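Here is a walk through one protein model, from charged pairs to core and pocket. Keep the sequence and the 3D view at hand while reading.

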Amino acid sequence: MPRPKRFRDVTRTGPVQIGTHNDARGRTKHTAACTAPGCGFSADYDSRAAAELAASTHRCNP
């Protein structure tokens, strides 16, 4: 069973939360995830800027 991700440096842009974590290989990844009910948007990025851009341009219709 994989261990749960430990997020740090978590910020919020509208309904999207952005968090930084290390993947199983020790690389730093940035995740953008929408917290709106029924949306389901979530993606991993290599840079923080890419995750913030995805969060600012995300439009959901739950």
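Aspartate 9 counts as exposed, because its relative accessibility is 53% and exposed means over 50%. The model is a predicted one. Aspartate 9 is found in strand E1, residues 8–13, and its phi is near 55 degrees, a positive value in a residue other than glycine. Most residues other than glycine have a negative phi.

The structure holds 4 salt bridges. One of them pairs aspartate 9 with arginine 48, with the closest N and O atoms 3.7 Å apart. Aspartate 9 lies in strand E1 and arginine 48 in helix H1, so this pair ties together parts that are 39 residues apart in sequence. Arginine 48 is buried, with a relative accessible area of 16%.

Lysine 29 forms a salt bridge with aspartate 46, and here the closest N and O atoms are 2.6 Å apart. Lysine 29 belongs to strand E3 and aspartate 46 to the loop between strand E4 and H1, so parts 17 residues apart in sequence are tied together. Lysine 29 is buried at 17% relative accessible area, whereas aspartate 46 is exposed at 59%. Salt bridges that share partners also join Asp9, Arg48 and Glu52 into one network.

The largest nonpolar core has 7 residues, among them Val16, Ile18 and Ala55. Strand E2, strand E3 and helix H1 each supply at least two residues of this core. Beyond its neighbours within four places in sequence, valine 16 is in contact with residues including Ala32, Cys34 and Ala55.

The largest pocket holds about 200 Å³ of space. Its lining has 10 residues, and Arg3, Pro4, Lys5, Asn22 and Asp23 lie nearest its centre. The lining divides into 3 nonpolar, 2 polar and 5 charged residues.

Definitions and conventions
Residues numbered from 1 in each chain as written. Predicted model: local features only at pLDDT ≥ 70, side-chain atom pairs only at ≥ 80, totals over all residues. Heavy atoms only, no water. Core = buried A, V, L, I, M, F, W, Y, C linked by side-chain atoms within 4.5 Å. Buried < 20%, exposed > 50% of the residue type's maximum accessible area, 1.4 Å probe, protein only. Helix = DSSP H or I, 4+ residues; strand = E, 2+ residues; numbered from the N terminus. Contact = heavy atoms within 4.5 Å. 1 Å grid on protein atoms, 1.4 Å probe; cavity = no way out; pocket = protein on both sides within 12 Å on 5 of 7 lines; lining within 4 Å. Points joined across faces, edges and corners; volume = space filled by probe spheres on them. Nonpolar A, V, L, I, M, F, W, Y, C, P; charged D, E, K, R; others polar. Salt bridge = Lys/Arg side-chain N within 4 Å of Asp/Glu carboxyl O.
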